[in-house]
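Open the model in your viewer and keep the selection tool ready. Each stop below gives something to select and says what is there.

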Amino acid sequence: MDPIFFLFSLSLAGLVIAGIVWPRRGVLARMAASRHRSERVRLEDAIKQVHACHQEDHSCTVDSLAGRLSVPTGMAARLLTRLADEGLIRAADGEFTLTEAGEAYALRLVRSHRLWERYLADRTGVPASEWHVRAERMEHILSADDTEALASRLGHPTYDPHGDPIPTASGALPAPIGVPLLAATVGDTVEIVHLEDEPVEVYVELEGLGFGLRQQLRVLGRSDAAVRVLAGDEEITLDAVVAANVTVQPVLDADSPDGSRVTLVDVRPWETAHVLEISPALQGVQRHRLLDLGVVPGTEITPELVSSSGDPVAYRIRGALIALRRSQASSIMVQRASSERAG
Amino acid sequence: MAVRAPRSPTRQARRDERLVRLGLSPDRWDYLVALAGNPNVGKSTVFNQLTGLRQHTGNWPGKTVVRAEGVVLHDDKRVKVVDLPGTYSLQAGSVDEEVARDLLLFGRPDVTIVVVDATRLERNLNLVLQILEITDRVVVFLNLTDEARRHGVAFDVDELQRQLGVPVVPGVARRGEGIDELMHVVARVAAGKIVTTPHRIERHAPAVEEAIAALVPPIRAAYPNVPNARWVALRLLNADEVVGGAVRSGELGLLEGDEAEDGEVLGGVGTALGEAVLERAVALRWDLPPDFHDSLVERTYGAARAIAQSAQVQGLKRAAFDLDRTLDRALTSRWLGFPLMLAMLAVVFWITIAGANVPSRLLSVLLVDHGHTWLKGLTAAVGIPWWLDGLAVDGAYLATAWVVSVMLPPMAIFFPLFTLLEDFGYLPRVAFNLDNMFRRVGAHGKQALTMCMGFGCNAAGVVATRVIDSPRERLIAIITNNFSLCNGRWPTQILLASIFIGALAPSHLAGIVAAGAVVGIAVFGIMMMFLSSWLLSRTVLRGEATTFSLELPPYRPPQVWHTLYTSLIDRTLIVLRRAVVFAIPAGMAIWVVSNVQWEGASLAYHFVGWLDPVGALIGLNGVILLAFVVAIPANEIVVPTILMLTVALAGLGGVGAGAGVMFELDSVARTADVLTTGGWTLLTGVNVMLFSLLHNPCSTTIYTIYRETGSAKWTTVATLLPVAMGVVVCFMVARVWGLFL
């Protein structure tokens, strides 16, 4: 028994050592690579933040950048110096601006980031709250070729799942549209055009409220601390902190001044409604499945059966009885037939 | 041979090669007919009616392979019919859709039959219109016209035919109505005697039309004979990788009419021009609206609605009593839903267990007792070497006989019953009722069904997960199916529960206590299934794509005889065949380890010695672990193997039939004696019951998982996860036991 045990321990030890010192894949090699990579990641993050400063019309100083990157001022200064040395930024009166090369670099990062978010939304089941964090990692890993291959696979999308435009390969980036929800006119019906994904906690809260792109809200009232809106049948009060992450655009031809535009969840059994649209927040295979089942604008849809446990609900869609979960129904915008509402 | 101009030999070879790649066997035939349609429209019924059940179901199960194919003779022509997976569309969003689309596009069937459910005409026409975009030669079979009539809908078939531009044959496949007519029309279309003018959606949104108009000329230039340039253009604008690949490689060119003589040259030209087409498509995509795909679907459905409305005659008298609605109200009601479901399942299991007893015993007497003795006599008479006799008769034959006698009867009862419930339309309602529970752990309601199937046989349960069309939920269902106690393991549970747990209770309660323990183990398995589904969906499977949809088909009277036949062929015999294939080597391995001597003792003796310390750690012993290892091919042989090894190693006399020969004792009491002599305690009994629930799936199931997932990674996860859980659970039980007793 002993020699066998000895052989076994020896080979185990051999495996462990190999795992540590193996070239390129071993623990040591990976550690060295990650040190190298993390310096590049910090530099790239710095470029992105300088770019973001300008997008938001803030002044970009060493201090503000240190804050944005959550690094000590000393490190921020060092990063900026390195970027300046490489000709990516230039300094003037303690403020930093991107050079042309820097601008292009920043846009390439933004492009990779938003394309990856699009990919996660369309092709995987990764929850929305994780898109940003994962994309934050991938933007440093994707090479220029990877990014273009990804773009072509996704059919060259123009917007990311949060409503941000994706810069083109040649670096064109349309100006963001809309106004902050905090600045919307009271009494207006507005449409959500962008949901900021940072900080994640706020994004998750908005998601939990059922907010999605293209959803229409009516602004009921506003104070410094909060905004009161009508979403479907529901009156919601949003803290200023939360509302600050929502960008909206006034709707001129609001199709539901009377609140008959609701999600499918709000339609009661045997009440008939017409589909207006599938929320743009729902993308990829999930969206395609609903479309294939015949959930397209104008389709008549009637909840007919509620399962024993309350969810899912079966709907009559184009002659077939299809069960949909609450989460799916909540991303289908419908118009109640007003006569039926009265009855 | 063929009616059309003979193909050049290289061309024919290339086509064969392509079909093999698509999963078809390259038999000789005159016409290739594909059968397409939405899920649940009676497509398989049409298939069986057309082929007269003479099809070989050899392609079971491979997901990437078309489901079934068969050859029929019609007017001296060999017609090969291929059954495509049921899909809602051909957008290639799921594997099924891709399989169907690729076959239509690259397999180039001579005729495509689209089976249409007359009660859901609008939804079905969506698929018909998509198919008409790809291929001209289509025949629509308007199925279930009787059901539609009951719902007060009749059809103007001529109008439908005129609108679609292809022949429409109404009928009721279940009763064979319209099938002859269908075959007749198909043959005429294949022979070119009926020329179709398929409906094509001509007007898309202006921006889309502009892009199409810009892309069609280069496509025509590269591939002059492509019949569906508009469709190819749309797919390219939609960033379809497969179509893009075909355009690039020039394969699209090879699919054209037969007049092109030399494919090589064409392919060369195609590659250069194809590249240009793709570049143009990419450039054009920029100007398309972001919801371009949505608008395409909207258009198609718009056309489907218009056609359906013009061809339907509605407002006829309906059947007075709406059975569907009444049944649905009861079966999904808040109060009755769950009790009815439990009652129904209890009845199915009871029939299975009670009904399987007698035939199982008969088979066992026939195959194990008489068959084995007879074979031994035969080999003795012929005088073959002892080792060959042992390997073949004591090893391979006996293991196989065990597996057949234990597995066949319950499967032959359970699967048809289950299929009847499925055909009736009840099972989707079960999934509907239970979905909420499964949703919480990240799974699909239909997993309840595959789980039930797993109680019969895990391999069949894994195959049944095909009904789950969402990738992530399907993987979860596949990986956790093993937690359903399959009927290879029920006997082990029942035997051990009677010996060790029933014995704890006073004798008049022993039976009930033992039964309770077995049910407890099964419920524990269900809990583990939920737990591991939850873990999987939150860890390794987090990022997999997920889509939920569950269609509740109308109730339909099941076709009893047909069901019996197909479930026997499709499920029972095929699962059994695989089990047998794996039991043979297992039987030989068992015989070898107990008969090959090394350093004065059998291999089994050494293995058990090595495994004993590990076994002791988790409250088992070396014999048990070795038995679980050699019984990987079939769980049924765990107990016989344990008995055989225990007797052989403990040197008990007077029991068993020699080393390497599996046996089972005729009384529970004698089995208990043997096990106690082998050092078993109550803890050992409990832990073996737990480990029998929580260990790797049998090799048949492992192989099936590999076939279904096509991934070594997920197969490994599915294999090792339950073992890890079993080791942990047994270890904890053993330690806690050690603290108190």
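This is a predicted model: local features need pLDDT of at least 70, side-chain atom pairs count only at pLDDT 80 or more; totals for chains, interfaces and linings use all residues.

**Chain A overall**

Select chain A. Its secondary structure comes to 12 helices and 14 strands. Of its 343 residues, 48% are buried. Take the contacts in chain A with a separation of 6 or more: 61% of them join residues 24 or more positions apart. Now show the surface. Chain A exposes about 16,500 Å², and 55% of that comes from carbon and sulfur atoms.

**The antiparallel sheet of chain A**

Zoom in on strand 6 (residues 226-231) of chain A, which pairs with strand 7 over 6 bridges. A:Leu230 stands opposite A:Glu235 of strand 7.

**The mixed sheet of chain B**

Move to chain B. Here an open sheet of 6 strands runs in the order 2-3-1-4-5-7, and its pairing is mixed. Strand 2 (68-74) and strand 7 (168-170) of chain B are the edges; each has a single partner strand, so one side of each lacks a neighbour in the sheet. On average, neighbouring strands are turned by 25° against each other, direction ignored.

Next, select strand 5 (residues 138-143) of chain B. Its pairing with strand 7 of chain B is parallel, over 3 bridges. B:Leu142 has B:Pro170 as its bridge partner there.

**The cores and helix 25**

Which residues have the most contacts inside the largest nonpolar core? Select B:Met407, B:Phe438, B:Cys457, B:Ile642, B:Leu675 and B:Trp680; the core has 117 residues. Helix 16 (residues 386-424) of chain B gives the most to this core, with 12 residues. Apart from it lies another core of 67 residues, including B:Leu127 and B:Val166.

Center on B:Ile642. Beyond its neighbours within four places in sequence, its contacts include B:Val623, B:Ile624 and B:Ala627. All three are buried residues of helix 25 of chain B. Select that helix (residues 622-630): 8 of its 9 residues are buried, so the rest of the structure largely encloses it. Finish at B:Asn621, which caps the N-terminal end of helix 25, with a side-chain oxygen 3.1 Å from the backbone nitrogen of B:Val623.

Methods. Residues are numbered from 1 along each chain as its sequence is written. Chains are lettered from A and ligands numbered from 1 in the order in which they are written. Side-chain values use heavy atoms; hydrogens and water are left out. Buried means under 20% relative accessible area, exposed over 50%, partly exposed in between (1.4 Å probe, protein chains only). Helices (H or I, at least four residues) and strands (E, at least two) are DSSP runs, numbered from the N terminus. A polar contact is a pair of N or O atoms within 3.5 Å; within protein, one must be able to donate a hydrogen and the other to accept it, and residues adjacent in sequence count only if both atoms are side-chain atoms. Two strands pair if DSSP finds at least two bridges between them. A nonpolar core is a set of buried Ala, Val, Leu, Ile, Met, Phe, Trp, Tyr and Cys residues joined through side-chain atoms within 4.5 Å. Contact means heavy atoms within 4.5 Å. Accessible areas come from the Shrake-Rupley method with a 1.4 Å probe; for residues, only the protein chains shown count as cover. Axes are lines fitted to C-alpha atoms, for helices over the stretch in contact, and angles run from 0 to 180 degrees between N-to-C directions.
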